[in-house]
Amino acid sequence: MKLLITGGCGFVGSNLAVLFKQHYAEAEVFCLDNLSRRGSEVNLRKVLAAGATFIHGDVRNRNDFDRVPKVDIVIDAAAEPSVLAGTVPGELENLMDTNLNGTINTLYFAKKHDAAFIFLSTSRVYPYDTLAEAQLVASPKRFNLSDTQSRPGLSSRGVAEDYPLAGLRSLYGATKLSSEYIIQEFAHNFSIPAVINRCGVLSGPYQMGKIDQGVIVLWMAKHFWKGRLGYIGYGGLGQQARDVLHVRDLFRLVQWQIANLGIQKGQIFNVGGGLANTVSLAELTDLCSEITGNTIEIGSSLENRPGDLPIYITDNSKITEFSGWQPEISVPQLLREVHDWFIADEASLKPILA
């Protein structure tokens with residue numbers, strides 16, 4: 001098996017590269033990355049140590065793909081993953097170019113080599129303006145979704161693939177949804193085996209967390225190095241909740257998808273931690289305090305951030321019924337692994353995460 005991972009020194013890409021080399025020693029894994037994100041140099045060392053091949057290149061530049069040999073499978077994990085980047089004029093061009101043109105260039109490469117295509121999309125393709133109207137049930141430390149909802153594709157289990165797409169989804173979400181449409185057309189017109197995974201919150205060791213992306217790791221980092229955090233919006237109590245998927249669980253699914261590409265035929269799947277792996281910020285604070293032994297200052301702001309949601313949960317019913325896959329790693333276990341990573345690599349991580 002010859003495999004290209006774009007964004008191969010990012011959090012998801014580097015973890016997938018290492019796991020593929022661990023499980024398939026004879027596989028040739030190529031990681032294409034421009035190393036622009038802080039912390040990617042740390043992931044590069046891990047990728048090289050695992051035996052993967054690094055290719056310095058940028059998905060925005062089609063000519064950079066000329067450095068990559070013919071492969072059997074492409075995993076498109078390159079992205080500007082920040083929703084807030086779409087609101088910053090200096091970062092908007094990079095967001096559009098990376099997430100949309102980068103995917104188009106990657107598709108041209110897959111077409112050239114008759115390679116299968118696995119796209120890591122996002123739950124942000126679902127519109128925040130309608131999701132913000134979901135019926136909630138509040139408890140002291142978290143929001144939950146009511147079983148009584150006015151729109152299809154939404155229940156206490158979360159958001160399913162048939163949730164209506166009409167609405168506003170952020171420029172980040174718009175680039176990923178646009179990429180999905182183009183992938184489907186390429187797959188149909190050029191017989192490219194393709195599958196699209198709409199991922200919720202992904203986390204685990206080797207994620208360089210910050211406030212707008214990687215919040216699970218950020219929360220643990222601020223507790224580990226005794227920093228400060230804040231509950232922003234929705235009453236300032238930290239009741240906002242998200243489901244969280246360990247990147248190792250994502251790898252198990254991608255394994256299955258590669259082995260069964262022929263039966264998927266351009267399918268779109270919601271892929272996340274699901275209801276059982278949903279955690280609020282307040283609950284996350286308790287878990288991080290318990291694991292680190294540290295209690296830190298948590299500020300509070302009543303003003304909601306643009307495009308934010310009180311809750312998002314991935315309904316995995318379709319992919320579980322289709323493949324039998326379901327998440328196995330709990331949020332507390334994920335946090336303990338992140339804590340162990342901080343201890344092992346504290347010298348290189350403190351300047352980035354603290």
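Predicted model: local features only at pLDDT ≥ 70, side-chain atom pairs only at ≥ 80, totals over all residues.
Residues are numbered from 1 along each chain as its sequence is written, and side-chain values use heavy atoms, with hydrogens and water left out.

Let me start with the sheet. Seven strands, in the order E3-E2-E1-E4-E5-E10-E14, form an open sheet with parallel pairing; helices (H or I, at least four residues) and strands (E, at least two) are DSSP runs, numbered from the N terminus, and two strands pair if DSSP finds at least two bridges between them. At the edges we find strand E3 (53-56) and strand E14 (268-271), each of which pairs on one side only. Neighbouring strands of this sheet are turned against each other by 20° on average, direction ignored, where axes are lines fitted to C-alpha atoms, for helices over the stretch in contact, and angles run from 0 to 180 degrees between N-to-C directions.

I would like to stay with strand E10, residues 194-199, which runs parallel to E14 and is joined to it by 4 bridges. Within that pairing, Arg198 has Asn270 of E14 as its bridge partner, and Cys199 stands opposite Val271 in E14. Strand E5 (residues 116-122) also runs parallel to E10, with 6 bridges between them, and here Phe117 stands opposite Ala194 in E10.

How many of the residues of E10 are buried? The count is 6 of 6, with buried meaning under 20% relative accessible area, exposed over 50% and partly exposed in between (1.4 Å probe, protein chains only). In a regular strand the side chains alternate between the two faces of the sheet. In E10 both faces are covered, with Ala194, Ile196 and Arg198 buried on one side and Val195, Asn197 and Cys199 buried on the other.

Turning to the helices, H1 (residues 11-23) and H7 (residues 247-259) have axes that come within 10 Å and cross at roughly 60°. The two are therefore oblique to each other, given that angles under 35 degrees count as roughly parallel, over 145 as roughly antiparallel, 65 to 115 as roughly perpendicular and the rest as oblique. In contact terms (heavy atoms within 4.5 Å), the residues of H1 include Phe11, Leu16 and His23, and those of H7 include Arg248, Phe251 and Ile258. By class, this contact has 10 nonpolar, 3 polar and 1 charged residues; Ala, Val, Leu, Ile, Met, Phe, Trp, Tyr, Cys and Pro count as nonpolar, Asp, Glu, Lys and Arg as charged, and the others, Gly among them, as polar.

The second pair is H6 (residues 215-224) with H10 (residues 331-344), packed at an angle of about 55° with their axes 10 Å apart, which makes H6 oblique to H10. On the H6 side the contact is made by Ile216, Val217, Met220, Ala221 and Phe224, and on the H10 side the residues include Leu334, Val338 and Trp341. These contact residues divide into 11 nonpolar, 1 polar and no charged.

Finally, 9 of the 10 residues of H6 are buried, so this helix is largely enclosed by the rest of the structure. Lys222 and His223 are among those buried residues, and just after H6, Lys226 takes a positive phi of about 60°.
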